[in-house]
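Hi,

Here is the structure I promised to pass on. Have a look at it first, and then read on for what turned up when I went through it.

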Amino acid sequence: MGVAPSGAGAGYRASRTLPFAAEFRRQASRRRTQLALGFMVLLPLIILIAFQFDTGDDDNGRGEFGSLVSFATSGGLNFTLFTIFVSASFLLVVVVALFCGDTVASEASWGSLRYLLAIPVPRARLLAIKLLVALTYSALALLLLAGTALLIGTLRYGWSPLRSTVAAQLEPGEGLLRLLAVLGYLAVVLLVVAGLAFLLSVITDAALGAVGGAVLLWILSSILDQITALGAIRSFLPTHYSTAWLGLLSTPVQTDDIVRGAVSAICYATLFWGLAFWRFTRKDVVS
């Protein structure tokens with residue numbers, strides 16, 4: 001076999017190693033991917049069924065949550081908004097952490113990571129492809145959750161104006177655009193979880209540690225954000241603007257915190273991804 005002047009085998013192109021489509025198919029065949037995406041479809045169905053068993057007789061302790069349920073059953077858009085509301089603070093965090101935290105650490109735990117590098121796949125390319133695939137599946141999970149909720153909610157409750165406790169009634173067309181904006185902002189905020197989980201996945205060979213560590217740190221940040229004694233420090237926490245998407249439902253739209261939250265999330269995610277690439281390109285991979 002011929003050898004190029006650079007020392008590489010004839011015909012070898014680093015850009016052709018580990019194609020995005022090949023890694024996408026590999027991850028699609030994994031049980032955790034199938035279960036995670038399947039649950040994104042199943043959750044709206046569970047919520048819909050739960051509403052059918054709600055007789056509305058027991059109002060004690062329902063309070064604000066009970067009023068949200070009444071909004072959820074008033075139309076497909078409202079049902080979708082409710083589904084996003086109950087999923088955003090924890091479920092979506094876990095799913096994104098799963099896709100991004102399991103991707104490198106699992107290869108190391110299986111002992112297959114060194115074989116990928118021996119193909120040879122450049123380390124930076126391997127990490128970039130795995131990150132892109134993980135982000136793609138994270139976005140797909142978010143779209144499946146919202147899309148399924150919108151479909152079954154509309155079939156069950158109809159195509160009605162979007163209502164919320166912080167805004168005037170919005171016509172279905174405008175309401176749909178607001179929901180898309182909410183999904184876009186949530187996707188940006190969840191980049192922090194993606195970055196943190198990906199960094200931990202590079203540092204440790206235990207996939208569960210990377211996923212669980214990212215989720216626990218996110219929860220810790222949320223707890224600290226509730227401590228008002230921290231004052232201005234709270235605004236630097238990655239979770240401080242995690243609920244700013246509610247401003248997209250107000251009349252008029254409140255964008256100040258949304259802009260701050262987007263900038264904060266992108267900065268944190270860029271920092272975590274930068275550290276992940278720096279660590280992996282210098283790591284002694286033995287597994």
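T103 is buried, since its relative accessible area is 1% and the cut-off for buried is under 20%. Please keep in mind that this is a predicted model. T103 sits in the loop between α5 and α6 (105-110). Setting aside neighbours within four places in sequence, T103 touches R32, K130, F198 and S201.

R32 belongs to helix α2 (residues 31-52). Is R32 buried or exposed? With a relative accessible area of 13%, R32 is buried, because anything under 20% counts as such. Two polar contacts of the R32 side chain may interest you: one goes to the side chain of Q27, at 2.9 Å, and one to the side chain of T33, also given as 2.9 Å. Beyond neighbours within four places in sequence, R32 is in contact with Q27, L98, F99, D102 and T103.

**G101, in helix α5**

G101 lies in α5, which covers residues 91-101. G101 is buried, its relative accessible area being 0%. Which residues does G101 contact, leaving aside its neighbours within four places in sequence? They are A197, S201, A207, A210 and V211. S201 is therefore on the list for G101 as well as on the list for T103. A210 is worth a click in your viewer: G101 and A210 are 109 residues apart in sequence, yet their C-alpha atoms are 5.1 Å apart in space.

Helix α8 (residues 123-157) has 35 residues. From its first C-alpha to its last, α8 reaches 50 Å, close to the 51 Å expected at 1.5 Å a residue. After α8 comes G158, with a positive phi near 90 degrees.

For the next pair, some background: two packed helices are described by the angle between their axes and the distance between the axes. The axes of α9 (residues 172-189) and α10 (residues 191-203) come within 4 Å and cross at roughly 25 degrees. The two helices are therefore roughly parallel to each other, as angles under 35 degrees are classed that way. A187, V188 and V189 of α9 make the contact with L191, V192 and V193 of α10.

**The UniProt record**

An unreviewed UniProt entry lists residues 35-53, 79-105, 126-159, 179-203, 215-237 and 257-278 under "transmembrane region". I looked at two of these spans in the model. Residues 79-105 are 81% helix and 0% strand, and the end C-alpha atoms lie 37 Å apart. Residues 215-237 are 48% helix and 0% strand, with end C-alpha atoms 15 Å apart.

**The protein as a whole**

How many helices and strands does the protein have? There are 12 helices and 2 strands. Read from the N terminus, the order of elements is α-α-α-α-α-α-α-α-β-β-α-α-α-α. Of the 287 residues, 45% count as buried. Among contacts with a separation of 6 or more, 77% are between residues 24 or more positions apart. The pair G101 and A210, at 109 residues apart in sequence, was the example above.

Happy to talk any of this through.

Best wishes

How values were computed
Residues numbered from 1 in each chain as written. Predicted model: local features only at pLDDT ≥ 70, side-chain atom pairs only at ≥ 80, totals over all residues. Heavy atoms only, no water. UniProt positions renumbered as here; feature names shortened; annotations may be inferred. Buried < 20%, exposed > 50% of the residue type's maximum accessible area, 1.4 Å probe, protein only. Polar contact = N/O pair within 3.5 Å; in protein donor to acceptor, adjacent residues only side chain to side chain. Contact = heavy atoms within 4.5 Å. Expected span 1.5 Å × (residues − 1). Axes fitted to C-alpha atoms, helices over the stretch in contact; angles between N-to-C directions. Parallel < 35°, antiparallel > 145°, perpendicular 65-115°, else oblique.
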